[in-house]
Amino acid sequence: MILPAGDPRREKYLKKGNVLWRVRNQGGGFNGLTGVGIALLVLAAVVSALMAAVGLSRGILVFGVLFGVPGALLILLGVILQSRKMKRYLDYYQKETGFDVEELKKLEQELLEPDMVMIGNVPDVNGSNLGFSEKKPQIACMITKHYFFMPTTRGVSYIRRLSEMVLAVYSQEIPGMGGYRSGLVFLSEKDDTARTDSLSTRDVCEEMIRELCERSPGLITERYVTDGERTYDMITESGEIAKLIHKRREKARENLNSVEYFEKR
């Protein structure tokens with residue numbers, strides 16, 4: 001589902017700005033440590049309350065030490081490590097994208113523009129929506145004037161310039177454990193292999209493809225790519241496709257530069 005400018009769900013997501021920081025702050029192992037610590041403290045509190053109710057004061061001390069102390073230590077460790085990670089969040093994005101800090105600022109600005117396309121999703125995985133709903137959908141992706149941004153709840157993101165995108169195809173034959181998965185297969189010139197999104201519904205995948213095509217003319221939306229007598233399968237030969245398209249575009253840019261040079265002369 002497209003969440004247009006003015007949609008309360010979109011406005012709530014963008015209200016505080018600093019989207020890159022907030023996406024990076026989600027999930028991850030360090031937040032997991034904090035979550036386990038909180039669970040241990042809650043368990044210690046519940047068990048201690050039960051012990052107090054039946055007059056077992058010694059049990060309160062035992063369970064407080066057994067669960068409460070490790071829980072508090074895990075919370076402290078998780079908070080420290082997460083804080084350290086977030087101090088270097090721009091380093092993560094620079095490494096993942098190859099962008100410098102100025103371009104990351106440009107991306108951040110475009111994410112807040114009214115013409116940014118935000119697409120929400122309510123997963124349907126074996127009958128489960130994974131906690132998402134129409135009122136609180138998963139953010140499947142954001143497409144700005146120049147960038148394709150796919151955040152995840154694990155604090156990692158897929159970010160590419162639209163000019164770098166090669167293909168986006170819906171497939172019901174994505175290899176997976178125990179058989180095949182369905183979802184979006186997408187690839188950029190920078191990728192060694194195609195990426196996949198099997199959480200988004202078919203309708204959402206088709207919305208993403210349609211919006212990418214509008215902003216990235218020439219995007220491949222078919223499974224097979226032909227070059228001379230050779231046909232490539234984007235499921236099994238996506239790396240070769242990325243290299244092929246990169247070479248074609250480099251050649252086109254060289255030809256364009258040559259034409260411009262002679263026109264100036």
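User: What does contact mean here?
Analyst: Contact means heavy atoms within 4.5 Å. This is a predicted model, where local features need pLDDT of at least 70, side-chain atom pairs count only at pLDDT 80 or more, and totals for chains, interfaces and linings use all residues. Residues are numbered from 1 along each chain as its sequence is written, and side-chain values use heavy atoms, with hydrogens and water left out.

User: Which residues are in contact with Phe 149, leaving aside its neighbours within four places in sequence?
Analyst: Among them are Val 19, Leu 20, Val 23, Leu 111 and Tyr 158.

User: What makes a set of residues a nonpolar core?
Analyst: The members are buried Ala, Val, Leu, Ile, Met, Phe, Trp, Tyr and Cys residues joined through side-chain atoms within 4.5 Å. The largest nonpolar core has 21 residues, and Phe 149 is one of those that touch the most other members.

User: Why is Asp 227 called partly exposed?
Analyst: Buried means under 20% relative accessible area, exposed over 50%, and partly exposed in between (1.4 Å probe, protein chains only). Asp 227 has 32% relative accessibility, so Asp 227 counts as partly exposed.

User: What joins the side chains of Asp 227 and Arg 248?
Analyst: A polar contact of 3.4 Å joins them. The term covers a pair of N or O atoms within 3.5 Å; within protein, one must be able to donate a hydrogen and the other to accept it, and residues adjacent in sequence count only if both atoms are side-chain atoms.

User: How many residues of the protein chain are there, and what share count as buried?
Analyst: The chain has 265 residues, and 39% count as buried.

User: What share of contacts between residues at least 6 apart in sequence join residues at least 24 apart?
Analyst: In the protein chain, 59% of them do.
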